[in-house]
Amino acid sequence: MRWLFVLVLALAIFGGAAWFGYNTFVKEEIAVKKEQRGEVTPPPAPDISLPEFQAAAQLRQEGKLTETRDALIAFIQKYPSGKHVDEARDMLGELNVDILLSRHPSPEKIEYIVKSGDVLAKIARKLKTTPELIMRMNNMSGTMLHIGEKLLISHPEFTMVIQRKANKVTLLNHGAFFKQYYVREAKLPPKQPSKITAKVAETMAWKDGKRVGLGSKEYLASTKWIRIAGAAGYTLYSMPDGAHPNLAQPPPPVGLGLAATDLEELSSLVNKQTAVTIID
């Protein structure tokens, strides 16, 4: 029995030594060689930005609009190439629109009292905004005004950047990010300059194959387009989405297609003075 005990003990000692040697030296050497050959995938880096993004999202759920906006702007500036930066930009864009098109107080909004002789287009020109934006901010279904009526007015300075390769349309307000929209379809000429500087030529509204005006009863249910001046082929046109599953107006032969809801929103924010930069 003693020799059996000695045998088991020897096996345990030498086996343990062999296991230790393998894990300490052989296994490490194999791992080094695999890494040198590029066969080893390094462990993912910890996502240090996630807690701050989640904190901003929590503020949004709590309805703290201004605080959320500040947190998202700080997050994007701190992590410009971070894992969640596109999500943060999408959230910030939705938030910016919510603040702009609501009664939520913000420094860029003023109150205007309608006077005798006022019409919507005149007020928009005077206060450097658009009739569509005034209508959306004040939940108006038509252009009729009443003396003494209080209108909430904002006069943002929007510019638009179209990124062809990224398939994005980014709206800037006073040079700062406001919102990004995604291009669903691109039908453009094959040869284009790497950079084009232009302006919005006009916003268009279509109903039953005909152009309709802002004051018409068909305007709210119309299909919106944006034509870019000085850049042949660049018309932003509406494509069906969940809120607009059926669009009667066929798309133009060339241009960029966006979700109809996005075009509806975008066309209310820009005007003929909106500068446009088109880049690869």
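**A guided tour**

Mentor: This is a predicted model. Ser268 is buried in it, with a relative accessible area of 3%.

Trainee: Which helix does Ser268 lie in?

Mentor: Ser268 belongs to helix α7, which covers residues 260-269.

Trainee: And what does Ser268 touch, not counting residues up to four places away in sequence?

Mentor: With those set aside, Ser268 touches Thr130, Glu132, Leu133 and Arg136. The side chains of Ser268 and Arg136 are also joined by a polar contact of 3.5 Å.

Trainee: Let me change topic to Asn138. Where does Asn138 lie?

Mentor: Asn138 sits in the loop between α6 (131-137) and β2 (150-154).

Trainee: Is Asn138 buried or exposed?

Mentor: Asn138 has a relative accessible area of 14%, so it counts as buried, the limit being under 20%.

Trainee: Which residues is Asn138 in contact with, leaving aside its neighbours within four places in sequence?

Mentor: Apart from those neighbours, Asn138 is in contact with Arg103, Lys150, Leu151 and Leu152. For Leu152, the backbone nitrogen lies 2.8 Å from a polar atom of the Asn138 side chain.

Trainee: Now the helices. How does one describe two packed helices?

Mentor: One gives the angle between their axes and the distance between the axes.

Trainee: What are the angle and the distance for α3 and α4?

Mentor: Helix α3 (residues 65-78) and helix α4 (residues 85-100) pack at an angle of about 145°, and their axes are 10 Å apart. The crossing of α3 past α4 is left-handed.

Trainee: Which residues make the contact?

Mentor: From α3 the contact uses Leu65, Thr68, Arg69, Leu72, Ile73, Phe75 and Ile76. From α4 it uses Val85, Ala88, Arg89, Met91, Leu92, Leu95, Asn96 and Ile99.

Trainee: How many of them are nonpolar, polar and charged?

Mentor: The contact of α3 with α4 has 11 nonpolar, 2 polar and 2 charged residues.

Trainee: Let us step back to the whole protein. How many helices and strands are there?

Mentor: The secondary structure comprises 7 helices and 11 strands. The protein has 280 residues, of which 39% count as buried.

Trainee: Lastly, what share of the contacts with a separation of 6 or more comes from residues 24 or more positions apart?

Mentor: Such residues account for 59% of those contacts in the protein.

Note on methods. Residues numbered from 1 in each chain as written. Predicted model: local features only at pLDDT ≥ 70, side-chain atom pairs only at ≥ 80, totals over all residues. Heavy atoms only, no water. Helix = DSSP H or I, 4+ residues; strand = E, 2+ residues; numbered from the N terminus. Buried < 20%, exposed > 50% of the residue type's maximum accessible area, 1.4 Å probe, protein only. Polar contact = N/O pair within 3.5 Å; in protein donor to acceptor, adjacent residues only side chain to side chain. Contact = heavy atoms within 4.5 Å. Axes fitted to C-alpha atoms, helices over the stretch in contact; angles between N-to-C directions. Left-handed = near helix turned anticlockwise from the far one by under 90°. Nonpolar A, V, L, I, M, F, W, Y, C, P; charged D, E, K, R; others polar.
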